[in-house]
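My entries follow in the order I made them.

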Amino acid sequence: MGEGGGFQLGTVGALSLSVVSSVSIVICNKALMSSLGFKFATTLTSWHLLVTFCSLHVALWIKLFEHKPFDQKAVMGFGILNGISIGLLNLSLGFNSVGFYQMTKLAIIPCTVLLETAFLGKKFSRSIQFSLSILLLGVGIATVTDLQLNLLGSVLSLLAIITTCIAQIMTNTIQKKFKVSSTQLLYQSSPYQALTLFVSGPFLDGLLTNQNVFAFNYTPQVLVFIVLSCLISVSVNFSTFLVIGKTSPVTYQVLGHLKTCLVLTFGYVLLHDPFSWRNIFGILVAIVASGLGLLAAAAGNWGLGSGLGNERGLTAAALPDLPYDYGALEPAISGEIMRLHHQKHHQAYVTNYNNALEQLEAAVAEGDAPAVVRLEGAIKFNGGGHINHSIFWNNLKPVKEGGGEPPDSALVWAINTDFGSLEALVQKMNAEGAALQGSGWVWLALDKGSKKLSVQTTANQDPLVTKGLHMVPLLGIDVREHAYYLQ
Ligand SMILES: [Fe+2]
């Protein structure tokens, strides 16, 4: 559910892992290229991707995500383009200062917006256009100095920006068109990305460095850094996946800027990167502009919606995504009902719960006891509605994913032991539900104390936990669900 201490610990852990691994990989690669002379950036990236693919394969194997094959041509085209863009980004890091590389990455967001406006006819609000122009200005100021110093690096950066923008737009369109997650997409496209770089890497690296990657003197120190770099790349991918899953897109953006600052500091202090004041000024302007962009987003212009709940405090709730499409349960439940039930009803519980929490915070701070007591009802009702519905969505499953089938053998055994048969359990739940006065929930619960299954009912939106911490909800049914009145 997201309310317990374990959740907060998990989020903090994911955020820390993300910061530490992202900063470490930049430093590790920079050390490998600058200090140890291993300048074969593209070849190194192909090894990263191979390791990433293998680790995702393991993640698939331990069921961290589901495999969902789709249009092979799209996967291949996307993989190859991504391979090219990753190679160019790495080349940009190899041939520029860490600061210039970070600016290259910052320029990707406004360029994506420009391309989407120009070619896809997308509209962005004035406040976003404004903050993005400041961001571009900052990027411009910071890059002027490096442009004079390093023409090859600048050209590589420009190419990296263009290919990355197209790849990012493709990421969005493919995910929407084929309804796949970012992890499913990465898993299927990473072999193509790896292959593109594996084949082109040695040529490209040879051309740019006048050295042969196969003839390089692989000292133990170089090997250690290469293995380290590959291992950190797994952690980068894994933590990105975790952070986006556990928090909101806004958190991920803010985290990105924190990483930028850390990388810049490390680059300057440890690796003695050359910095000009103009460079630092440009970066500051860019970061301020991104902050403005985030404010615009927070005002709702960017459509980041419910994910923002996490920004107010760790206790705020957010509407969870459904584990399937709205229409996936048809013909049993219509897509229209699922959408209404999720986007309107469940969202209302989340919003009202967060509002009540905010008021409670103020009341506690002011020592206003009557207000604290008065808010208890709203927190119980709306918090309960959020908890119950979050369980409810996971109780349902589309037929093609095994929905509508009898439960697995261990649960059937427990049901037979405690109720006689599945039919007897269904009858009992129906009878208890019908006997409920007003609205409420009927639960199939596991009593952790007696290790027995039982049928429980709760009034209104009271969650099962009101019956005691030892009660674990397995299945919940909303007895007077008003979303069903549509059909
Ligand atoms: Fe409901």
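Ala74, Phe78, Leu81, Asn82, Ile84, Ser85, Leu88, Leu89, Leu91, Ser92 and Phe95 in H3 meet a set of H7 residues, among them Leu152, Gly153, Leu156, Ser157, Ala160, Thr163 and Ile174. I count a contact when two C-beta atoms, placed from the backbone, lie within 7 Å. Helices (H or I, at least four residues) and strands (E, at least two) are DSSP runs, numbered from the N terminus.

Two notes on the source. The model is predicted: local features need pLDDT of at least 70, side-chain atom pairs count only at pLDDT 80 or more, and totals for chains, interfaces and linings use all residues. Residues are numbered from 1 along each chain as its sequence is written.

Next I looked up the geometry of the pair. The axes of H3 and helix H7 (residues 151-178) come within 8 Å and cross at roughly 150°. Axes are lines fitted to C-alpha atoms, for helices over the stretch in contact, and angles run from 0 to 180 degrees between N-to-C directions. H3 and H7 are therefore roughly antiparallel. The cut-offs are under 35 degrees for roughly parallel, over 145 for roughly antiparallel, 65 to 115 for roughly perpendicular, and oblique for the rest. The H3 and H7 crossing is left-handed: the near helix is turned anticlockwise from the far one by less than a right angle, while clockwise would be right-handed.

I then checked the record. UniProt, in an unreviewed entry, places "transmembrane region" features at residues including 74-93 and 151-170. Such annotations may be inferred rather than shown by experiment. Residues 74-93 are 100% helix, with end C-alpha atoms 28 Å apart. Residues 151-170 are also 100% helix, and their end C-alpha atoms are 29 Å apart.

Which residues have the most contacts inside the largest nonpolar core? They are Ala41 and Leu88, in a core of 34 residues. Helix H3 (residues 72-95) gives the largest share of this core, seven residues. A core here is a set of buried Ala, Val, Leu, Ile, Met, Phe, Trp, Tyr and Cys residues joined through C-beta atoms within 7 Å. Buried means 20 or more other C-beta atoms within 10 Å, exposed means 12 or fewer, and partly exposed is in between. I found a second, separate core of nine residues, including Ile174 and Tyr187.

Beyond its neighbours within four places in sequence, Ala41 touches Met33, Asn90, Leu91, Leu93, Gly94 and Asp205.

I moved on to H13 and helix H14 (residues 369-395). Their axes lie 8 Å apart, at an angle of about 150°. That makes H13 roughly antiparallel to H14. H13 passes H14 in a left-handed crossing. The meeting residues include Tyr349 and Tyr353 in H13, and Leu375 and Ile379 in H14.

Asn355 and Ile379 are 24 residues apart in sequence and 9.1 Å apart in space, C-alpha to C-alpha.

My last pair was helix H15 (residues 409-419) and helix H16 (residues 422-435). Their axes come within 8 Å and cross at roughly 65°. That makes H15 roughly perpendicular to H16. Val412, Ile415 and Phe419 of H15 make the contact with Leu422, Ala424, Leu425 and Lys428 of H16.

The protein chain has 16 helices and three strands. Of its 487 residues, 33% count as buried.
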